[in-house]
Amino acid sequence: MKLTREEVREVAYLSRIEMTDDELDRMTGQLGAILDYADMLNELDLEGVEPTSHVIPMKNVMREDVVKESCGVEKALMNAPDRFGDFFRVPKVIDEGEGH
Amino acid sequence: MKYEPVIGIEVHAQLKTESKLFCGCSTGFAAAPNHHVCPVCLGLPGTLPVLNRKAIEYVVRTCIALECEVSPASRFARKNYYYPDLPKAYQISQYELPIGRNGKLTVRAGGKEKTIRIHRIHLEEDAGKLVHDASGGSCVDYNRTGIPLMEIVTEADVRSSEEAVAYLTSLRSILQYIGVCGANMEKGEMRCEPNISVRPVGAEEFGTKTEMKNLNSFRAVRLGVDFEIERQIDAIENGERIVQETMRWDEATQTTQTMRSKERAHDYRYFPDPDLVPVEVSASVLELIRAKAPELPEPRRVRFISQYGLPEYDAEVLTGSKAMADFFERAAAIHNDPKAVSNWIMTELMGCLNESGKTIDECAVTAEDLTALLELMGKGVISARMGKDVFKDMFATGRPPAEIIKDKGLEQLNDETAISDAVEKVIADNPGPAADFRAGKKQAAGFLVGQVMRQTGGKANPKIVGRIIEEKLLSE
């Protein structure tokens with residue numbers, strides 16, 4: 001399986017990582033090698049084997065619907081780079097709410 | 001050419017849990033910014049989400065009500081995107097294995113029954129809230145982050161704004177009945193995003209669809225969907241191409257506007273969330289939840305007709321909201337005349353609610369007070385006419401009827417001697433009409449009764465007044 005430079009550029013964009021042309025070349029090679037390595041799994045005969053959805057053999061780990069005290073607004077904002085009153089402040093978002 | 005709209009509807013319903021989906025922070029509504037947050041919902045490193053059992057129960061309950069297949073195993077996935085309302089830079093949602101699939105809801109629209117298929121129901125966490133104009137930058141409040149949302153997605157079965165509203169009305173009613181969601185659209189407890197396309201009548205292939213946001217009421221849904229259908233038809237007729245994009249309904253201008261183009265489709269890079277283990281809803285748990293399932297609107301409507309002997313129309317109106325139906329049943333349990341209770345709810349109570357813009361939950365009149373008023377009228381303490389005024393007072397002040405009647409001195413005058421005195425005076429003062437009545441003009445009685453009512457400040461029992469007038473004039 002061949003990873004293209006365009007795919008790496010796209011993934012970098014989606015991850016908000018800026019890359020120079022040199023870095024793109026290097027990452028295309030390195031990521032490609034990792035994918036090729038993982039590709040070896042495809043050589044196995046997996047007929048009738050359920051895909052692993054989780055590596056820990058556990059299920060239904062849940063808590064009851066009980067309110068616990070929150071950490072407090074001062075603690076919450078302690079490491080924020082910027083604040084406005086009790087809000088976190090971030091650089092102005094131009095896009096009017098992507099609403100995913 | 002004639003066109004046919006093709007509509008699918010996505011609803012996000014906020015589940016009525018006390019705590020958030022993956023942490024113990026409160027879901028309470030009016031807190032100051034960032035007061036309901038903790039390291040888990042802030043997405044701080046080293047924290048682990050733990051699933052709220054109630055949220056799963058609520059989704060399963062909804063699946064049962066909407067006749068979905070409940071997946072024996074489901075799991076959570078990360079939906080990755082960057083936006084400041086999402087502190088982890090991913091939303092925990094569900095992807096390949098939602099909790100519910102292949103359900104249906106039958107609604108009545110335009111006098112016809114219509115079945116809308118449900119594609120899937122899944123559970124996810126809400127994002128935070130951005131406030132754009134408070135300062136130089138953008139301000140973020142994460143109180144809402146992590147509040148459980150249930151996403152209900154229909155197949156593209158809806159064919160008009162009327163059907164869309166019928167579906168949403170019915171869905172809201174069901175969610176309220178089963179107690180999983182407040183489902184108030186204005187409060188954002190139920191958000192609806194239709195996707196809309198049009199195609200020539202008879203065509204098999206779907207047209208290009210647009211998605212619509214910011215529809216905060218049923219009225220907005222009707223107007224917005226109709227507007228978008230017209231816009232698309234006009235565009236096609238003008239030879240334009242419909243672009244797949246998200247439109248925003250603008251309440252002020254009553255138009256839709258483009259929010260962002262979806263041509264470069266978002267790549268959310270979903271993958272299973274390794275922090276959360278799979279959820280298994282076993283057959284026995286499913287049965288347990290099914291056994292606890294509350295009565296749904298449709299069976300309740302049918303029961304109202306058979307149990308209380310109500311007309312179809314009354315049963316439909318009363319069961320339209322769970323709170324209203326509960327109010328009726330509380331009142332009907334006390335006052336043994338269900339039709340009278342229904343009449344008073346449907347005319348006086350609903351009239352007052354409409355006028356004040358209040359919901360039944362905010363109504364100050366209790367079922368007990370309403371039945372007390374009906375009893376007082378039944379006993380002749382006040383007339384039905386007075387009853388309506390007393391009810392308005394009860395609605396405005398929340399005071400019990402007996403107190404209002406006493407304070408305002410509204411008791412009906414049933415004392416025959418007092419009424420007889422008033423009648424004699426009226427006859428003496430109005431010889432003309434009295435003579436007319438004696439001469440057989442029955443209409444003259446109306447005038448005389450009116451005069452007696454005036455004389456007694458509207459309090460005399462009109463039945464007794466009429467009888468006494470007749471006795472006096474015809475026995476002479």
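Tutor: Fine. Keep in mind that this is a predicted model. In chain B, an open sheet of 3 strands runs in the order β6-β5-β16, and the pairing is antiparallel.

Student: Which strands stand at the edges of that sheet?
Tutor: β6 (90–93) and β16 (271–272) of chain B. Each has a single partner strand, so one side of each lacks a neighbour in the sheet.

Student: And how many bridges are there between β5 and β6(B)?
Tutor: Strand β5 (residues 77–80) of chain B pairs with β6(B) over 4 bridges, in the antiparallel sense. As for a specific pair, B:Asn80 has B:Tyr90 in β6(B) as its bridge partner.

Student: Switching to helices. At what angle do α9 and α11 of chain B cross?
Tutor: Roughly 55 degrees, with the axes of α9 (residues 367–378) and α11 (residues 401–408) of chain B coming within 8 Å.

Student: Which residues make the contact?
Tutor: From α9(B), B:Asp369, B:Ala372, B:Leu373 and B:Leu376; from α11(B), B:Pro401, B:Ala402 and B:Ile405. The residues of this contact divide into 6 nonpolar, 1 charged and no polar.

Student: Last one, B:Ser173. Where is it, and is it buried or exposed?
Tutor: B:Ser173 sits in helix α2 (residues 161–177) of chain B. B:Ser173 counts as buried because its relative accessibility is 5%, and the cut-off for buried is under 20%.

Student: What does B:Ser173 touch?
Tutor: Leaving out residues up to four places away in sequence, B:Ser173 touches B:Pro297, B:Thr319 and B:Gly320.

Terms used
Residues are numbered from 1 along each chain as its sequence is written. Chains are lettered from A and ligands numbered from 1 in the order in which they are written. This is a predicted model: local features need pLDDT of at least 70, side-chain atom pairs count only at pLDDT 80 or more; totals for chains, interfaces and linings use all residues. Side-chain values use heavy atoms; hydrogens and water are left out. Helices (H or I, at least four residues) and strands (E, at least two) are DSSP runs, numbered from the N terminus. Buried means under 20% relative accessible area, exposed over 50%, partly exposed in between (1.4 Å probe, protein chains only). Contact means heavy atoms within 4.5 Å. Two strands pair if DSSP finds at least two bridges between them. Axes are lines fitted to C-alpha atoms, for helices over the stretch in contact, and angles run from 0 to 180 degrees between N-to-C directions. Ala, Val, Leu, Ile, Met, Phe, Trp, Tyr, Cys and Pro count as nonpolar, Asp, Glu, Lys and Arg as charged, and the others, Gly among them, as polar.
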